[in-house]
Amino acid sequence: MSAFWALVQRDVRLATRVGGGGGMAVFFFLIVLSIVPFGIGPDLNLLTRIAPGMLWVALLLSALLTLDRLFQADQEDGTLDLLVMAPQPLELTVLAKAISHWLTTGLPLVVAAPLLGLMLNLPLDGMLPLMGAMLVGSPALSLLGAVGAALAVGVRRGGLLISLLVLPFYVPVLIFGVSASRAALVAVPGDLGGQSLLLLGAVSLASLVVGPVGGAAALRVAVK
Amino acid sequence: MAEFFNMGGYGPYIWSSFLIAAVVMSGLALQSWFDLRKQKRLVAELEARATKSQT
Amino acid sequence: MTCRFVALGLHQTDMAWSIHTFANPTRFMRFSAIVLPYVWALAGAGIGIGLYLSFFVAPPDYQQGDSVRIMFVHVPAAWLSQFGYGIMVASSIMALIFRHPLADVAAKSAAPIGAVFTFLALVAGGLWGKPMWGTYWVWDARTTSTLVLLFIYLGYMALWVTIEDPNRAARVAAVLALVGAVNLPIIRFSVDWWNTLHQPASVFRLDGPTIHSSLLWPLFVVAIGFTFFFLGVMMVRMRAEILRRRVRTLQMQQAAG
C-alpha cells in the first residue's frame, strides 16, 4: 500500500514541478469559458441558462488535455516497464495514476468552477449543487481517461486518439452531471435532480472498476 | 409510372435513402474486394521472389 | 540498445504468430472460398426479393403513407449496427481469452461494416424524419445513442490504424471493444434519461406494434438479405486481412534473410 501512495505522491510532485500542476488546466478552463460569450453574445439570461452545460463541457475538455501525458512520459523513459513488472497489481498502479491525475486537474477545476460560474452569470444558489456534482463526477473523467491513455500508450500523436476514444464514454458523466447541476436552477419534473446526482455517483463507482481493470489490461498489452 | 416514382409525394426521400444505401453498400463491397485482390497479388509476388532467391 | 531489444521482441512474436497461421487461417481460407458464393447468392436473393416485396407488395402505411418504405433500409441497417458490435465483442473475447488467431481478424473486419450500417441507419432515419417530423435530425434517445455507437466504431477503427504491429493492435482494440460493451448500456440509459428530461413524452415512435404484418414480412426478408451481405463482406475482409499479415511476415523474412 505504501508503494501505492508513493506513486501518487511522485506523480503529483512531477505534475506540480514540471507541468505547472493544475494551473495550465485551470487556465485552459478559463479561456474556453470566456470564448463562449464571444460565440453566442453577452446576453446574461442566455448565459445563465447554458452555464451548467458549458462548465461541464469545459471540464471535460480540460481533463482530456492532460491525459496523453498520463502514461506516455513513463513509457518514454522506461518507468512504465518497471511499473508493469512491479509486484504491486497493475490495477492499483493505474488507480494511483488516475488519482494523481484527478488531484492535479479535476480538483483544481472543481475549485475554480464557481468563480468561472460567476462570469457566466450562474446564480449563487446554483454554486453548491454545481461543485457537488463536479466533485462526484470528475473522478470518473480521470478513471475512464486512464483507459484511453493506456490504450494509446506508445502511439505517436496519441493525444487526439485519446480524445476520440474517451469522449463517447464521457457522455453519461456529462448528462448526469449537467442535470444534477441544473436542478437548483430550473424546475425539473419530480426529483430528477437528486436522482441524477445518485446516478452520477453510480457512474463514478462503475468507472472505479472499469478504469483500473481496463487500463491495466491495455498496459499489459502495450508494454509486452 | 410517374405515380410510382412520386410515392405519394415522398418520392425524393424514399429514392434518395435507397440510392444512398445502394451506393454505400456497393462501395464497401467493392473496396473490400479490391483490397483482397491487391493482397493476393502481393502474396503471389513475394512468394515468387522467395522461391527465386532459394534456387 | 533498448530499441534493438524491442525490435527483436516484435520479430519473435511475429514468428510465433506465423506458426499459428498455418494451422487455422489456412483452413478458413479454404472454407470461405467454398462458402462465399452461396453467401453472396443468399444476400442477393434476400435483397432482391425484399426490394420487390417492399415496393410492389407492401401496402402504404395508413398513417405515414409511402414514406414507411424507408423503414426497409432503416430498420435492417439499425439491426446490423447492433449485430456488428455483437460480433466485435464476441470476437474480442475469443481473441483475449483463447488467443484464437482468427478472432481478432474477425473483429477488425466487422468494425467498418458495422460503422457503415450505423451511418446508413442514421441517414435513412434522417430522410424518414424529414417528412414525418419536419426535420432531418432530432436529438431523440435512439438517434443520439446510435450516433454515440458510430463514434465508438470510429474510435475502434482509429486504434487499429494507429498501431502498426497487428498483434499489439489486436489486443489493444479487443480491450477497447470490451470496455465499450460495458459502457454502451450505461450510455444508452443516460441518453434515455437525458431525453425524458428535456422532451417529456409524445415523441413519434417508429417501432412497436403499430407496424402492420403486411409490412413486417418484407422487412424480415430485407433484413436477412442484409445480414448475408454483412457476412459476405466480412469474409472478404477477413481473407484480405489474413493475406495482409502473410505479406507482412514474408516481407520481414525477406528483409531479414
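Buried area is the accessible area (1.4 Å probe) that two parts lose on being put together, summed over both. Keep that in mind for the exercises below. This is a predicted model, in which local features need pLDDT of at least 70 and side-chain atom pairs count only at pLDDT 80 or more, while totals for chains, interfaces and linings use all residues. Residues are numbered from 1 along each chain as its sequence is written, chains are lettered from A and ligands numbered from 1 in the order in which they are written, and side-chain values use heavy atoms, with hydrogens and water left out.

**Exercise 1. Work out what chain A and chain C are built from.**

Step 1: Look for helices and strands, which are DSSP runs numbered from the N terminus (helices are H or I with at least four residues, strands E with at least two). Chain A shows nine helices and zero strands. In chain C you'll find seven helices and, again, zero strands.

Step 2: Check how much is tucked away. Buried means under 20% relative accessible area, exposed means over 50%, and partly exposed is in between (1.4 Å probe, protein chains only). Of the 224 residues in chain A, 51% are buried; of the 257 in chain C, it's 52%.

Step 3: Accessible areas come from the Shrake-Rupley method with a 1.4 Å probe, and for residues only the protein chains shown count as cover. Chain A has an accessible surface of about 9,800 Å², with 71% belonging to carbon and sulfur atoms. For chain C the surface is about 12,000 Å², and carbon and sulfur atoms hold 71% of it.

Step 4: See how far apart in sequence the touching residues are, where contact means heavy atoms within 4.5 Å. In chain C, take the contacts between residues at least 6 apart: 83% of them join residues at least 24 apart. In chain A, residues 24 or more positions apart account for 80% of the contacts with a separation of 6 or more.

**Exercise 2. Describe where chain A meets chain C.**

Step 1: Start with the tally. On the chain A side 29 residues are in contact, and on the chain C side 28.

Step 2: About 2,500 Å² is buried between the two chains, and carbon and sulfur atoms give 82% of that. A:Leu151, A:Phe169 and A:Val221 supply 25% of the area that chain A buries against chain C, more than any other three residues.

Step 3: Find the helices involved. H7 (127-151), H8 (158-182) and H9 (192-223) of chain A each supply at least two residues of the side touching chain C. H9(A) gives the largest share, twelve residues.

Step 4: Sort that side by class. Ala, Val, Leu, Ile, Met, Phe, Trp, Tyr, Cys and Pro count as nonpolar, Asp, Glu, Lys and Arg as charged, and the others, Gly among them, as polar. The side of chain A that touches chain C then has 22 nonpolar, four polar and three charged residues.

Step 5: Look for salt bridges, meaning a side-chain nitrogen of Lys or Arg within 4 Å of a carboxyl oxygen of Asp or Glu. Between chain A and chain C the count is zero.
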